[in-house]
Amino acid sequence: MEEGRRIRSVLLAAGIALAVILVSAGVPGSVGAQQAVTLNLYISGDTNVFDLFQKGFIPAFTKRYPRYKVNFVGLLHGNGSDGVYDKILAAKRAGRTTDVDLWEAEPGYVDQGIPEGLWVKLSPHLLPNIAKVPKDVLEAVDYFGVPYRGSSVVIGYNSKFVKTAPSTFDDLVAWIKANPGKFTYCDPNTGGSGQAFVTAAIYRFTGSQKFASKVYDPKEESAWEPGWKLLRDLQPAMYNNGFHPNGNVAVLQLLAQENIYMASVWSDQGLDFYNRGQLPKTMKFTQITPALIGDDARVMLPAGGAHLEGAMTFLNWLLTPEAQTMVIEMIAGYPGIEWKYMPAALREQFKDVAKGFSPYPSPKYLADIKRLWHEKVVVGQ
Amino acid sequence: MSGGWYWAVGGLRRAVALGAFCALAAFILGPLLTLILWAVAGSWLFPSLLPEFSLKWWVYVLGNSDVTKAIKMSFLSAPVATLLSAVLCIPAAYAFARLEFPGRRALLLSFLSANAFPKIGLYISIATLFYRLNLMDTFAGVVLIQLVNTLLFMIWIPTGTFRGINRNLEEAARDVGAGPLRTFFQITLPIALPGIIVALLFAFLAAFDEAQGTLIVGTPNHMTMPVLMYTLVLSYPQPVGAVFSVLLSLPSLVFLLLAQRYLRAGYLAAGYAL
Amino acid sequence: MLPPLLVLVFLIVLPAITAIVETLSPVAGAGTGLTLVRYAQVLGARIVRSDIIFSVEVALISVASVFCLSYPLALYLRFAQGRLPSLFAVLFTIPLFVPVVIASFAMITFLVNHGLISTVLYRLGIERFPPLVYNATGIVLTQVWANIPFAVLILGAGLQAIDDALIDGARDVGAGPLRTFVSIILPLNVVPTMIALTLLFISIFGSFTIPYLVGGNAPQMLGVTMTNYLTQYFRRAEAVTMAVIAFIIAAAVGAIYVASVSRRERYSL
């Protein structure tokens, strides 16, 4: 009967749909044993970092180690990182390996995952090139994460409107007060360029050393009060009566629309936007003294990673002069290993830039700075 | 005629209506128009009224293999999730509509919790379960996580629709010897079809927009467009976000045209009347 | 009816119960049993309280604005005939088909200072432009934009259900349009109105994307605050506690919804 056939075909279609799903569930994402090992790199950063991986690191690495294929997953900080963290933790709780072989994220996530036992403790026995990384950087996170690149926050300004660039933090504060509405920094919850301005205000009164070390004592935070007061006093002089946009890029867009004339921006990202024609031709970048903070990224190896050996090979390669040269040439960053290991020609060429940046606050202090900024500066107590 | 009641006020209304239409059109279409302009902008710096025209960002976006893979995955997973949801939920909706049992409304209402409980606190538990079931980074896992978002629409709207169908019709069919299954497929389903189309529409949009769960379950090999969306909007130059927005809105526009006819027929409201 | 319930139980209900138990369990080293100490901590923070109040305010203002725009539109669509109303009918559904991320992004490019509107005004010689995004105004405008279709569809269906004969009858006994509206249409449409208002409130109150992208720095809506606690301040327990508080507020409003629906049933009997 025709009706019967129609019912049967509906059921059949549903059955096929289910079968397709079940079959695809049975075939895991990985490939057969004979084929190349595919490493999954989860990188949170901005576009310039994505390009560094996709056009620089990955082709060079796979050329040198043809055994490996690399799968790049580029994610936004914040929401994206949070999901990756949940994923790694869930794999551990379920007793499974995770497909996250290598993860670059903010130091806060390194810190959060240490008590959960999520990361491989890095040592020169596992990765010979770790020895080339400055020790203090590794000690700050107990050898559970390593920076492979550095970049710093600088002051970007539109020379059409700003004739004399500030050279110290106090100069900068004076300029902001004299030109209300023409400066802002991004919400420190959404980008390092905002964290840089906020920590600069705090370091102005406390210095950087105490809060960059890994000893954490919330009582020390009372020393931040003068910094909070300074920031609070600056609020009326910020763009739009104290507005801080979401993310490093949003600040660049405000500069592009000439809504503001000056801002704290990542050096590498600012240059990248400028070179793509997304900023006015009259934009310039300068570093103030003491330098703003830099170097916010850490790479972790999840202990439950499915291809640990490959991930270590990659990370070790990442710390070679070959890869580090790409960091300098492609994103105008600083190398993650000590300058003395870099080729002599580069050392000569970048000897001025290499003066560097102030250290990031340790993860726990940074988390508190972000929270307290929200409580004490924008809400204002 | 009821229309007469309305127009009794006089022709002035017509002018007011036209003015209101223009205002509403500006409010609704203005932002979308800006987006389209940004999508064809090489760069657009203040105070230019129009951007410098260029399609270079389309080349940039479409030349990115992650984006094309995500487009494919979105167009594969969302329809499958929607159809699977229909297969699972429509019989349940029929039961909700036809059976009276204690706790019926409470159960129906519990589907609202899928949309009202902030999911942010739930993902670790969900991901742990998915790892145990070997659903991480699988197509099935992505479909399942999208399915969660569709449940509310796929249960509520068909339940409302089925309740609106006269039971006598079904009984008449049964009287002439049709079995229950045949009655359902021959009598009930065709009448309910417009309501089910509306449910499919809402379910598809909900599945298609799912981002946070898909990020956790689908990476690295099963990413969808909304997963990339936040990154593209927040960390790329503005035209990239705009190009991607236009791409992401295209399938919806097709639906807009297809479903217009059924949308206003009250099926949605019937669903929300529990 | 079982399969969808199973999906719901395993992917929402059980994880939610786990989360709730997590928030009720004592802080490490502080004994056993259940405790409300985390709730006291979270609600004790002035900033969280102000964010909760802000979320409620924004949700209420948005709901009111959506309603004020949607009700006349629904009335117009119910009673007017011709080409213009059918254009209206297509127009108002458009936002339904635009994902909220895109809607927020589009709204920013449209309304931001030196965005499209402000550039047009600037060219016309108007240089002062009020801040329309990155504050509560921006959130409300975007919420209105995104929620008009849902509101008009629900309200419109309620109006559709009102019998033409009732309205013609009122007119026959000499009632003017206003009188007809107040004494016939409004009372008959109370239940759909309540359904629309409560569901709009729940969805706006719980939103994340729109306030995250279009809102300002402070105060923030609860969805943004809890995300910050989770992803920026690394205080997971507080974030989950806020999620439960948000759910409780939504559930309280949901109770009004259930009451409205029950009321309809009593009437229909």
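1. Start with chain A and its contacts. Take the contacts in chain A between residues at least 6 apart in sequence: 77% of them join residues at least 24 apart. Keep in mind that this is a predicted model. Chain A is built with 15 helices and 10 strands. Of its 381 residues, 50% are buried.

2. Now pick one residue in chain A. A:Tyr148 sits in the loop between α5 (135-139) and β4 (149-150) of chain A. Why does A:Tyr148 count as buried? The reason is a count of neighbours: A:Tyr148 has 21 C-beta neighbours inside 10 Å, so A:Tyr148 counts as buried. The cut-off for a buried residue is 20 or more.

3. Stay with A:Tyr148 and look at its partners. Leave aside the neighbours within four places in sequence. A:Tyr148 is then in contact with A:Val299, A:Leu318, A:Leu319 and A:Gly336.

4. Next, chain B. Chain B has 13 helices and two strands. Its C-alpha atoms fill a box of roughly 70 × 70 × 30 Å along the principal axes. Buried residues make up 51% of the 274 residues in chain B. For contacts in chain B with a separation of 6 or more, 76% are between residues 24 or more positions apart.

5. Where do chains A and C meet? The contact draws 23 residues from chain A and 16 residues from chain C. On the side of chain A that touches chain C, α3 (79-94), α4 (107-113) and α15 (363-378) of chain A each supply at least two residues. Which helix gives the most to that side? The answer is α15(A), with six residues. By type, the residues on this side of chain A are five nonpolar, 12 polar and six charged.

6. Finish with the largest nonpolar core. The core holds 283 residues. The members that touch the most others are B:Leu151, B:Ile155, C:Met107, C:Ile154 and C:Ala243. Helix α4 (residues 65-98) of chain B gives the most to this core, with 17 residues. As background, nonpolar side chains tend to be buried together in soluble globular proteins.

7. Zoom in on B:Leu151. Do not count residues up to four places away in sequence. Within chain B, B:Leu151 touches B:Ser85, B:Cys89, B:Phe111 and B:Ala114. In chain C, B:Leu151 touches C:Pro4, C:Val7 and C:Leu8.

Notes
Residues are numbered from 1 along each chain as its sequence is written. Chains are lettered from A and ligands numbered from 1 in the order in which they are written. This is a predicted model: local features need pLDDT of at least 70, side-chain atom pairs count only at pLDDT 80 or more; totals for chains, interfaces and linings use all residues. Two residues are in contact if their C-beta atoms, placed from the backbone, lie within 7 Å. Helices (H or I, at least four residues) and strands (E, at least two) are DSSP runs, numbered from the N terminus. Ala, Val, Leu, Ile, Met, Phe, Trp, Tyr, Cys and Pro count as nonpolar, Asp, Glu, Lys and Arg as charged, and the others, Gly among them, as polar. A nonpolar core is a set of buried Ala, Val, Leu, Ile, Met, Phe, Trp, Tyr and Cys residues joined through C-beta atoms within 7 Å. A residue is buried if 20 or more other C-beta atoms lie within 10 Å of its own, exposed if 12 or fewer, and partly exposed in between; C-beta atoms are placed from the backbone.
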